[in-house]
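Biologist: I would like to learn how to read a model of this kind, feature by feature, with the general idea set out before the particular case. Could we go through it together?

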Amino acid sequence: MSAPATPETGDLLYSDVEDDLRASVRALVEKQAPWDAVLRRTDTDDAVDTDLWKRLTQEIGVAGLAVPEERGGAGASWREVAVVAEELGRAVAPVPFLGTAVATALLLGTAEDELLASVAGGERTAVLVVGATRGAGRPVPVVERQGAGDLLAGTVTAVVDAVTADVLLVPVSATEIAVVEAGADGGGDGVTRTTSESLDMTRRLTDVTFDGAPARIVTGADVDHALQVGAAVLASEQLGLAERCLADTVAYLRDRHQFGRQLASYQALKHRLADLWVAITQARAVARYAARCAADGSPDLPVAAAVAQTHCSEVALLAAEDGLQLHGGIGFTWEHPAHLFLKRARADALVLGSADHHRTVLADLVDLPA
Amino acid sequence: MSAPATPETGDLLYSDVEDDLRASVRALVEKQAPWDAVLRRTDTDDAVDTDLWKRLTQEIGVAGLAVPEERGGAGASWREVAVVAEELGRAVAPVPFLGTAVATALLLGTAEDELLASVAGGERTAVLVVGATRGAGRPVPVVERQGAGDLLAGTVTAVVDAVTADVLLVPVSATEIAVVEAGADGGGDGVTRTTSESLDMTRRLTDVTFDGAPARIVTGADVDHALQVGAAVLASEQLGLAERCLADTVAYLRDRHQFGRQLASYQALKHRLADLWVAITQARAVARYAARCAADGSPDLPVAAAVAQTHCSEVALLAAEDGLQLHGGIGFTWEHPAHLFLKRARADALVLGSADHHRTVLADLVDLPA
Amino acid sequence: MTTTEQDGRAPLRSVSDSPPDAAALARRVEEFLAEHDPAGTDAADFLRARFAAGLAWVHYPAGLGGLGAENGLQTAVDAAFARAGAPENRPRLNVIGLGMAAPTILRFGDDAQKQRWLPSLWTGEDIWCQLFSEPGAGSDLAGVGTSAVWDGDAWVLNGQKVWTSMAHHARWGIILARTDPEAVKHRGLSYFVVDMTAPGVEVRGLRQITGEAEFNEVFLTDVRVPDDQRLGEVGQGWAVAQYTLMNERVAIGGGTLPRESGAVGALAARWREHPEARTPGLHDRVLRLWVRTEAARLTAERLGQQQAAGQPGPEGSGVKITYAGLNQECSSLELELRGEDGLRYPDYTERRPEVEDYGSRDAGWRYLRFRANSIEGGTTEILRNVVAERVLGLPAEARADKDVPWKDLPR
Amino acid sequence: MTTTEQDGRAPLRSVSDSPPDAAALARRVEEFLAEHDPAGTDAADFLRARFAAGLAWVHYPAGLGGLGAENGLQTAVDAAFARAGAPENRPRLNVIGLGMAAPTILRFGDDAQKQRWLPSLWTGEDIWCQLFSEPGAGSDLAGVGTSAVWDGDAWVLNGQKVWTSMAHHARWGIILARTDPEAVKHRGLSYFVVDMTAPGVEVRGLRQITGEAEFNEVFLTDVRVPDDQRLGEVGQGWAVAQYTLMNERVAIGGGTLPRESGAVGALAARWREHPEARTPGLHDRVLRLWVRTEAARLTAERLGQQQAAGQPGPEGSGVKITYAGLNQECSSLELELRGEDGLRYPDYTERRPEVEDYGSRDAGWRYLRFRANSIEGGTTEILRNVVAERVLGLPAEARADKDVPWKDLPR
């Protein structure tokens, strides 16, 4: 047993192209989905902002960034995907970006070029049908195939971004995926989707039941790899959310006076924000590293994704919880955005595996056995 | 499986008698062993302040508090012992009080009345020969008995308060203790003691080697119970130490100016001290409860001792570490007492079992299995 | 106003000159129960009679629900009534009235005010609320801006209050308002009792992050309050409010608190019931929270013993800080133990919560609701100041609002 | 004073007008090595010649050890010399001289001062120390009280400095002293170079909690310092000292830092080597520290990349806070893993430490030594202020020392 080798770090900065992409996404999201609009939507049945999603995919092409041009994408990389995730996390935007990223990572390993191209172009959305808390490194439960035909039977609970997905990618064995057309109205042949209220109001969970749903079986998909890429993307979402919480809190404390002084002048609060800022600089470094490992096909991706998820989950939650606390009573009200971030951060800390799960995975990867 | 029942809490306050006892001990210790004298002693070979110990046992009778009058003691209880431990912890006094407490708890269960009385009276000191980090709830390693006679052979490393002990109490089976006369000069027949430098300079550890040492075998001793009583006493020592660190730090911060302001006026420092104070009020409650469980023979002693050790270990270490930090550079120098407390607190957190050990013990006791 | 038989209240019983001791009180309760069968008496009548008999709060003066007895003797009286199946006076709904308004009225009210408000308050016929916090004055309560202007025959109140529990049930509210904006902020306040049914009082539910509206916003628009509804002198409002808040402290009784009560209970139960969710890392965290909760429990017990022994300690602030943190951390870890289940939520629809029994609520709801524990009733940050300054004697925070007229303060 | 052949230094090589680029520097190093065989040349001679050739610090001006090249080009030059087995200039012993005194002399010294001090500084013939902190002026460095009084032909210094590394090896010291106690404290300071062998300079080892004396106290009693040993104007000492401290920041290179370097390395090694000491609770803590260390490593890497890209970020303070905490927590947990062994200590005898290689030291020693990491070079508390105020733009702490003569400040 020995200390792990040190992989090359690679570029952890943002490129000019990434800065431009960020600016485009932010401008669109701030116009189309400011927080009060996001909040209002949570009281409706339209959990997903399909209009925003359409513009993000068609005007900016966010769904095709990691897909090579020859397969219908933009030929950028997971680094650019991560930048978009930061911005969407900042806005808790209710669009199926995370699910699309995971599905894209999965499809890239298959020969499903037509499906991949349509997902990349935003014409269709696809989603990997596994439970929300499932992280890489554990066997994925599979759905049963009925008889000789390719008909599915079984239920997968708590699936992220399945509300509006056109295509369901369902693990049916360790190496095979069943592709199921979910139907435009959300209920294809033999598929029932039930979306319930979720702690994170801006990303509701769906139970998917198959009862003789016809499917096409595809090989070459690496579910664990897709979940690792998803973890890297999610880490960037958490980073964006944490930065937003810090920025909002700093602004509030500068504005608010108690006892004749700016709240921001109280040293105990200053130090808490300083610690949060330090944690966020770290979140940025680990999220960037995970994204660059995904982008470059680095063999260190499993470590990078686990480190990023462990760290960013805790930082985002800290930022959201401290942010709410430092807003005082107003942060506890429905009509203030703090709870949108809190709920997303609390849920994100479990989505794609908890910090506890990722530490357990790391123990094996870096030779620190139990 | 279900939630544990709630035992009666009993009296957690200090009685007038206890207050008087505290005052006597403090007055004696402040006169005989102020911190600079304690520090100077650490650079000598006389690790134990035998003179102070003589006065504590003979003038105040601290070794006999928990021993009934009819067996040669003062007929008080473990509650009073705990109050003395607070004061000795406050002073990091280099006397074999903790070892004596454990030995006394052990002897109380035996018929060794003559030995018990001489320990209670301070004429002799006795010590349980087990490694310093051994906590209740794990099997105690035993020393081998040679041949048919009662001759011991083997080594026990890192024993607390064995430097000057006249009588060694050595576990030789699950239910038997060998009583070994160690000799006035520290080397009885077949006994070799090696005292090495220890992290905690005021409580050095001794390796004890038996090579055909003659012994008297005694039954009725409950080592686990003695270690639990020891844990309760140690918790009070940690409480006293933590209170001293807080008091010293508050005094320093009130006195010291930087940037034209008292350091004590900086809110971040105020809040840290407030949190420490809160933790110390809790340490006092759990230490008092453990002492009262020991005093009253409560069946809840195993839980109380484990809770007290877990909590007080962490509070004392926090108080010592934060105390040193808030003193700035001066706290890092040899000629300031902060390091005496830091070293004792760091060692105490391992003595009689670490917080991690005690949590594992608790898991069984309160039905929260792994 | 005096109590008469006409308004349904029993006549005042003549009382002996020296206050009754425990034994005498026990006898009086026995006699009272013999005269008023709890099963056969209308609840309201029973409670009015109990008030009139001085067995409501025995340490209050005779004629005001009490007998001038020692404070500690109430517990045994309440227990005796409870054993006999006597009706309750809506103690949870009227927690503000009983705990805060009543002692303030007793201390600052004149005889007429005491006679007017205390009987129906104690019986639970009138629910009370407290109109203190404002959107611009939370931790810094003395900064309230709701104005009270004298207008010939009454004070005219205008402003907005927030975080008002029970306002939608309340008949009366105690309110802190600014009568002199030219004065330094602590000195320009006065204290009134507002009729919550008066014209210009509007109560709106304030939706919170759980989806529910547990608290209220109260808007006051030209609300006329007669001068005989003022408690304390004009300009003395801050002192009166301080007295009210002093009574806010949760009384910790002398009995033994249950081990594993509070938020750790649900966590431990989940742990025991779901072995499949256990991991070594989570185990360590559950045990840490269990130990911290037990330490907090024993600390609260010790505080109770100190109070009972007449040594009121300042540990109360510490206990509140601790429980707020434990509730938050335990419920958060419980969500983690629940995994997928922890990501679901029953219902965010806006509504009024029925009960306050947190144990029966969903884990996600508790996680959200407990966020307020470190804000309501004194933020954790303010309480740390209190400990640092009042307990440890460290210098007070610098203030810029001591010598400036309220109207000139930055807001 | 100019460099001459008499004093053993090579004559100045004429340099072209435009500064050399990387390729040109590589050629020059090659030429230099061809002329000066590292194996066959006396080390001191070799270093003097290297200085004279402008290959000491290539970004310094010609004649002062450099060639006016770009700052980033030094690394390759150093690497080339190291590959050739060239002698070192005692970089660890003279870390203060090379890292802090030299840039300050370059920036504030006159020509004579630069020529006098820089050559023997760079070659390591003269070790330097920094006399800034005092017992009464730590975080608040501008409060120093060591006095410098003009006495006809020299400044006379009296006072006490503390935490002086290398003072027992040093020939020269940079010192901050008070020349005007009547002025506001930042404006009454001047900056000098003190001859550590001058009469009245007494260096005493300062024993620390590890038992060793790594640092010193320096007592100055009527130490005479000529005016040509002043750097910067009289009263400008604070600005000069700020410049010195700006250079204290640890330079973080562009290369990849090793994973598991620092205090977590010893912890992880212990974990791997001693399976018998493993428990689930300890496992979780080891993994948490591993993750935090990896996050800190990547953060430092990113900071290095930003600096290399010409975007100097303020992350340095955060990196220092983080590593101080990690060193402390990792070594503390390592003691716990060691159990009984963790309670032993090799030796508390007072002595001078030989080396600074922490990895080779006992775990207990590291635990103690790392306590200073959050104090030395800026306390964690001060660095949090720096982040809050300079990065987040939050209001500065209130100060009571801005408009008061230094002599009237509370101490």
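This is a predicted model: local features need pLDDT of at least 70, side-chain atom pairs count only at pLDDT 80 or more; totals for chains, interfaces and linings use all residues.

Biologist: How is C:H168 classed by its relative accessibility?

Modeller: Buried means under 20% relative accessible area, exposed means over 50%, and partly exposed lies in between, with a 1.4 Å probe and protein chains only. C:H168 counts as partly exposed because its relative accessibility is 34%.

Biologist: Which residues is C:H168 in contact with, leaving aside its neighbours within four places in sequence?

Modeller: Contact means heavy atoms within 4.5 Å, and with those neighbours set aside C:H168 is in contact with C:V203, C:E214, C:N216 and C:R352. For C:R352 the separation in sequence is 184 residues, while the C-alpha atoms of C:H168 and C:R352 are 9.9 Å apart in space.

Biologist: Where does C:T256 lie, and which residues does it contact beyond its neighbours within four places in sequence?

Modeller: C:T256 is found in the loop between α6 (237-246) and α7 (263-273) of chain C, and it counts as partly exposed because its relative accessibility is 38%. Its contacts, apart from those sequence neighbours, include B:T6, B:P7, B:E8 and B:T9 from chain B, together with C:R297 and C:E301. The C-alpha atom of C:T256 is also 9.6 Å from that of C:G304, a residue 48 places away along the chain.

Biologist: Is D:T380 buried or exposed?

Modeller: D:T380 belongs to helix α11 (residues 380-391) of chain D, and it counts as buried because its relative accessibility is 8%.

Biologist: How many residues of helix α2 in chain C are buried, and what do they pack against?

Modeller: Helix α2 (residues 43-52) of chain C is mostly covered, with 7 of its 10 residues buried, namely C:F46, C:L47, C:R48, C:A49, C:R50, C:F51 and C:A52. These buried residues pack against α1 (22-35), α3 (74-83) and α5 (111-123) of chain C.

Biologist: What does UniProt list for chain C?

Modeller: UniProt positions are given in the numbering used here, feature names are shortened, and annotations may be inferred rather than shown by experiment. In an unreviewed entry, UniProt lists "domain: Acyl-CoA dehydrogenase/oxidase N-terminal" for residues 25-125 of chain C, a span that is 57% helix and 0% strand, with its end C-alpha atoms 25 Å apart. The UniProt annotation "domain: Acyl-CoA oxidase/dehydrogenase middle", also from an unreviewed entry, covers residues 129-222 of chain C, where the chain is 0% helix and 46% strand and the end C-alpha atoms are 19 Å apart.

Biologist: How many helices and strands are there in chain C as a whole?

Modeller: Chain C has 11 helices and 7 strands. The radius of gyration is taken over C-alpha atoms, and the globule rule is 2.2 Å times the number of residues to the power 0.38; chain C has 23 Å, close to the 22 Å that the rule gives for 411 residues, so it is as compact as a globular protein of that length. Buried residues make up 54% of those 411 residues, and the C-alpha trace spans about 70 × 60 × 45 Å along its principal axes.

Biologist: What are the corresponding values for chain A?

Modeller: The secondary structure of chain A comes to 11 helices and 10 strands, and buried residues make up 67% of its 370 residues. A compact globule with 370 residues would have a radius of gyration near 21 Å, and the 20 Å of chain A agrees with that.

Note on methods. Residues are numbered from 1 along each chain as its sequence is written. Chains are lettered from A and ligands numbered from 1 in the order in which they are written. Side-chain values use heavy atoms; hydrogens and water are left out. Helices (H or I, at least four residues) and strands (E, at least two) are DSSP runs, numbered from the N terminus.
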